Amino acid sequence: MDRAEAEVRLLDAAEELFYGRGIQAVGMDQVRAASGVSLKRLYQLYPSKSELLVACLERRDLRWRTRLAEYAESGPGGVERVLAVYDWLYEWFSEPDFRGCAFINSFGELGAVDPAVAVTVRAHKSAFHDYMAGLVAAAGESGQTVGPLVLLAEGAMTAAAISGSPEPARQARQGAAQLLAAR
């Protein structure tokens with residue numbers, strides 16, 4: 001197996017295990033077994049669990065932001081595009097394997113003790129904030145709404161994970177609509 005295939009297999013296995021069971025509950029040997037990649041090769045590619053996790057998060061960030069943008073930008077523009085973010089969140093929260101935001105989960109487990117994880121999570125959250133700011137600006141709305149709109153989305157992620165229901169996305173959408181209508 002070449003390097004690229006080994007990386008994909010390791011990242012696929014690690015992401016599924018870390019997201020499904022929690023990072024600290026999963027050992028590198030479990031990643032090795034699930035991926036079919038030798039332990040020696042795993043450590044050649046990712047010398048530490050932290051490096052493997054950061055690679056998983058970076059790949060997930062790209063996939064997550066791409067899916068969100070494709071969804072939000074496929075509909076009408078203006079305020080509806082901002083509100084489409086919450087519609088997409090509802091769809092994401094409805095997926096059978098949804099266990100919350102992998103970035104929030106990772107920060108909760110390791111953010112205080114692993115600076116690389118903290119930096120990666122903060123970069124993802126900053127990129128989401130910037131994306132929302134772009135949608136708000138394109139809709140001609142006040143930049144002062146960006147922070148509250150992001151907090152509504154972030155709060156919905158946490159509430160959906162804890163409740164096991166996608167409904168927090170609908171509630172956040174309603175709050176976002178009220179906020180934008182009040183401006």
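Which side chain makes a polar contact with the side chain of H124?

1. The model and its conventions. This is a predicted model, in which local features need pLDDT of at least 70 and side-chain atom pairs count only at pLDDT 80 or more, while totals for chains, interfaces and linings use all residues. Residues are numbered from 1 along each chain as its sequence is written, and side-chain values use heavy atoms, with hydrogens and water left out.

2. H124. The partner is D61, whose side chain lies 2.6 Å from that of H124; a polar contact is a pair of N or O atoms within 3.5 Å, where within protein one must be able to donate a hydrogen and the other to accept it, and residues adjacent in sequence count only if both atoms are side-chain atoms. H124 sits in helix α7, residues 115-138 (helices are DSSP runs of H or I, at least four residues, and strands are runs of E, at least two, numbered from the N terminus). H124 counts as buried because its relative accessibility is 1% (buried is under 20% relative accessible area, exposed over 50%, partly exposed in between, with a 1.4 Å probe and protein chains only). Neighbours within four places in sequence aside, H124 is in contact with D61, W64, R65 and F103, contact meaning heavy atoms within 4.5 Å.

3. A138. Helix α7 also holds A138, which is exposed at 68% relative accessibility. From the C-alpha atom of A138 to that of S50, 88 residues apart along the chain, the separation is 38 Å.

4. Cysteines. The whole structure has 0 disulfides, a disulfide being a pair of cysteine sulfur atoms within 2.5 Å. For C56, the nearest cysteine sulfur is that of C101, 14 Å away. C56 is buried at 3% relative accessibility, and C101 is buried with a relative accessible area of 5%.

5. Over residues 4-64 the chain is 80% helix and 0% strand, with the end C-alpha atoms 21 Å apart.

6. Largest pocket. Its volume is about 300 Å³, taken as the space filled by probe spheres set on the grid points, which are joined across faces, edges and corners. A pocket is an open set of points on a 1 Å grid over the protein atoms alone, where a 1.4 Å probe fits, with protein on both sides within 12 Å along at least five of seven lines; lining residues have an atom within 4 Å of a point. Of the 15 lining residues, E15, Y19, R60, R63 and D97 are the closest to the centre of the largest pocket. The elements giving two or more residues to this lining are α1 (3-21) and α4 (49-72).
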